[in-house]
Amino acid sequence: MVNKTLVTLASLAFITSSSVSADGLHSSLSFPQCTDIGLSSNSSDYQDFEYEVLRKGSKIGTHTISFDKTDEGLRVTAETKMKVKLLFVTVFKYEYVSEELWCGDDLLKVETRVNDNGEKLHTLAVNEGGRFIASTENKSYELPSDFYPTNHWNQGVVGTNKVFNTITGEIDSVAYQRAGEMVVETKLGEKPVTKFAVQGDLEINSFYDKAGNWSGMAFEHPDGSQIEFRCVKCGLPQTITAGTPTAS
């Protein structure tokens, strides 16, 4: 999940706007009881993940992924908070919260709210009997069934060529190419990860460890700066990471 207008320093306007939170995503939708909480592409012992967001090596925010086992399935919440200051004045503020509901390997719902420097966005995709219906503030439409949301945590995404852009509400065409095995430095020592080069409507490098846990991503912003999501905590204790490599 990456907004193409992530960081803009063209304006010195101070931004004040209401926050977005996961509380607003618990809609009235209901689903049958789910007896299969685990996913085949990731570890079954889900723990919360934490990341730092960096621009040119400097921290500008945080990203968290939390897992909650419910009667309806596995609820996964991804949340990003970013703030850029110049001379002690906030010149950019970005908040993102996205909630997915999974029963086994079946996605049931993904809903997202964004506050992009004061611009509010809302997208929703719901599985209605095998048909995915997406909606934004302006329209509703049917989606193909074989997609993954752009929240990155589920390693199953590397096997698809279609992702649901949780910010725009559109389907993006992508190609995940395995780009080799790497070793990254962490607070607990070295850790092997697999690098995937993502091309198409999204251009990023994404990293996963041997347990299938997302270890972060790196990409170049249109202004030429390097943006990184570096893992502080992601996965079981033996796979905890403190950093991701710079994309090459």
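## Close-up views of a predicted model

**View 1. A left-handed disulfide joins Cys231 and Cys234.** With -125° about the S-S bond, the link of Cys231 and Cys234 is left-handed. A disulfide is a pair of cysteine sulfur atoms within 2.5 Å. Here the S to S distance is 2.2 Å. Cys231 is buried, at 0% relative accessibility. Cys234 is also buried, at 0%. Buried means under 20% relative accessible area, exposed means over 50%, and partly exposed lies in between (1.4 Å probe, protein chains only). Accessible areas come from the Shrake-Rupley method with a 1.4 Å probe, and for residues only the protein chains shown count as cover.

This is a predicted model: local features need pLDDT of at least 70, side-chain atom pairs count only at pLDDT 80 or more, and totals for chains, interfaces and linings use all residues. Residues are numbered from 1 along each chain as its sequence is written, and side-chain values use heavy atoms, with hydrogens and water left out.

**View 2. A right-handed disulfide links Cys34 and Cys103**. The sulfur atoms of Cys34 and Cys103 are 2.3 Å apart. The torsion about their S-S bond is about 95°, so this disulfide is right-handed. The pair links distant parts of the chain, 69 residues apart: Cys34 lies in the segment before strand S1 (49–55), Cys103 in strand S4. Strands (E, at least two residues) and helices (H or I, at least four) are DSSP runs, numbered from the N terminus. Cys34 is buried, with a relative accessible area of 7%. Cys103 is partly exposed, at 23%. The count comes to two disulfides.

**View 3. Ile65 sits in the largest nonpolar core**. A nonpolar core is a set of buried Ala, Val, Leu, Ile, Met, Phe, Trp, Tyr and Cys residues joined through side-chain atoms within 4.5 Å. The largest one has 47 residues, and Ile65 and Leu143 have the most contacts inside it. Leaving aside neighbours within four places in sequence, the contacts of Ile65 include Phe49, Val76, Trp153 and Trp214. Contact means heavy atoms within 4.5 Å. A second, separate core has five residues, among them Leu101 and Leu124.

**View 4. Thr136 is a buried loop residue**. Thr136 is found in the loop between strand S7 (131–135) and strand S8 (140–143). At 19% relative accessibility, Thr136 counts as buried. Leaving aside neighbours within four places in sequence, Thr136 is in contact with His122, Thr123, Tyr141, Thr168 and Gly169.

**View 5. Phe88 is an exposed loop residue**. Phe88 is found in the loop between strand S3 (73–86) and strand S4 (89–103). At 84% relative accessibility, Phe88 counts as exposed.
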